[in-house]
Amino acid sequence: MLRLLAFLVLAALPAQAEEIVLGLSRDEVAITANFDGSDILIFGAIKRDKPAPDTGPLGVIVTVAGPDLPVTVRRKDRRLGIWVNTDAVEVDAAPSFYAVATNGPLNEVLRDTEDLRNEITIRRAIRSVGADVDDSRAFTQALIRIRAGNELYQVLEGGVDLEEDTLFRAAVNLPANLTEGDYEARIFLTRSGVIVDEYVTVIPVHKVGMERWLYNLAHDNAVLYGLMSLAIAIAAGWGASAIFGLLRR
């Protein structure tokens, strides 16, 4: 009886008016010895079962987030002519990489209440635990500023190309200094700043080939990795000495 009642309730609900159909230019990113960054093209379409609703302008937001990691942010101050660490704030979880792209000004396509609920902007995606300093927000802003300078945090207003309120595309640049792990891509549709649909997918970013083998060896067998590194260093030193001796003759 309860199952029948639940089915009847779901059947009575209106079908979703707008839905995201997504595509990716690549399903994974491989980090190799000559890796110098990569571009990911996120594209898709908006599926409708009836004409577009007249409830305000359509917004598209694309976010790509790297693995969350704890961070300690320290502030330096000059004391007796020496720069020393004075205060610190523990950030419980901050994305190692975060990009947010929109088809217009962010404050126009997303309401603050929706941002608070879904943690879309960079400042919402960073979670700080109890800080024992008065201006802890300044530490978060400093973290954002530093990582933005390294292209690890990106705000791309106008970075989403939306055509005829149906087709959209966005290119996100991944810099060379990436953290390995699963990167989460989220796409939001909004009407007058209110989210009407969301799509989430994962893009694996991993070392491959020799880099993967060396990484696993260093973590799984540190003694063997150290002996191999020592042997390579000795061989390189001996080889350089031999070449130098031949050149002097």
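This is a predicted model: local features need pLDDT of at least 70, side-chain atom pairs count only at pLDDT 80 or more; totals for chains, interfaces and linings use all residues.
Trainee: What is the relative accessible area of R124?

Mentor: R124 has a relative accessible area of 21%, so it is partly exposed. Buried means under 20% relative accessible area and exposed means over 50%, with partly exposed in between (1.4 Å probe, protein chains only).

Trainee: How many salt bridges does the whole structure have?

Mentor: The search finds six. One of them joins E18 and R48, with the closest N and O atoms 3.0 Å apart. E18 lies in strand β1 (residues 18–24) and R48 in strand β3, so this pair ties together parts that are 30 residues apart in sequence. Strands (E, at least two residues) and helices (H or I, at least four) are DSSP runs, numbered from the N terminus.

Trainee: Which other residue meets E18 in a salt bridge?

Mentor: That would be R191, at 2.7 Å from N to O. This pair links distant parts of the chain, since E18 sits in strand β1 and R191 in strand β12, 173 residues apart.

Trainee: New topic! Which residues touch the most other members in the largest nonpolar core?

Mentor: V60, F97 and F168 do, in a core of 26 residues. Seven strands, β3 (38–48), β4 (58–65), β7 (98–102), β10 (160–163), β11 (167–174), β12 (181–191) and β13 (194–207), each supply at least two residues of this core. A nonpolar core is a set of buried Ala, Val, Leu, Ile, Met, Phe, Trp, Tyr and Cys residues joined through side-chain atoms within 4.5 Å.

Trainee: What is F168 in contact with?

Mentor: Setting aside neighbours within four places in sequence, the contacts of F168 include I20, L22, I42, V60, L162 and I187. Contact means heavy atoms within 4.5 Å. There is also a second, separate core of 22 residues, which includes A65, V109, I126 and F139.

Trainee: You listed I42. Where is it found?

Mentor: I42 is in strand β3. I42 counts as buried because its relative accessibility is 0%. The C-alpha atoms of I42 and L22 are separated by 7.5 Å, although these residues are 20 apart along the chain.

Trainee: How many aromatic pairs are there?

Mentor: The count comes to one. It joins F97 and Y183, whose ring centres are 6.2 Å apart and whose planes are at 45 degrees, so the pair is tilted. The rule pairs rings of Phe, Tyr and Trp (its six-membered ring) if their centres lie within 6.5 Å; planes under 30 degrees apart are stacked, over 60 edge-to-face and the rest tilted. F97 lies in the loop between β6 (82–95) and β7 and Y183 in strand β12, so the pair ties together parts that are 86 residues apart in sequence. Both F97 and Y183 are buried.

Trainee: Last one: why is β7 described as largely enclosed?

Mentor: Five of the five residues of β7 are buried, so the rest of the structure largely encloses this strand. Y98, V100 and T102 point one way, and A99 and A101 point the other. In a regular strand the side chains alternate between the two faces of the sheet.

Trainee: Which strand runs antiparallel to β7?

Mentor: β4 does, joined to β7 by five bridges, and V64 has A99 as its bridge partner in β7. β7 also pairs in the parallel sense with strand β9 (residues 153–157) over five bridges, where Y98 has Y153 as its partner. Two strands pair if DSSP finds at least two bridges between them.

Note on methods: Residues are numbered from 1 along each chain as its sequence is written. Side-chain values use heavy atoms; hydrogens and water are left out. A salt bridge is a side-chain nitrogen of Lys or Arg within 4 Å of a carboxyl oxygen of Asp or Glu.
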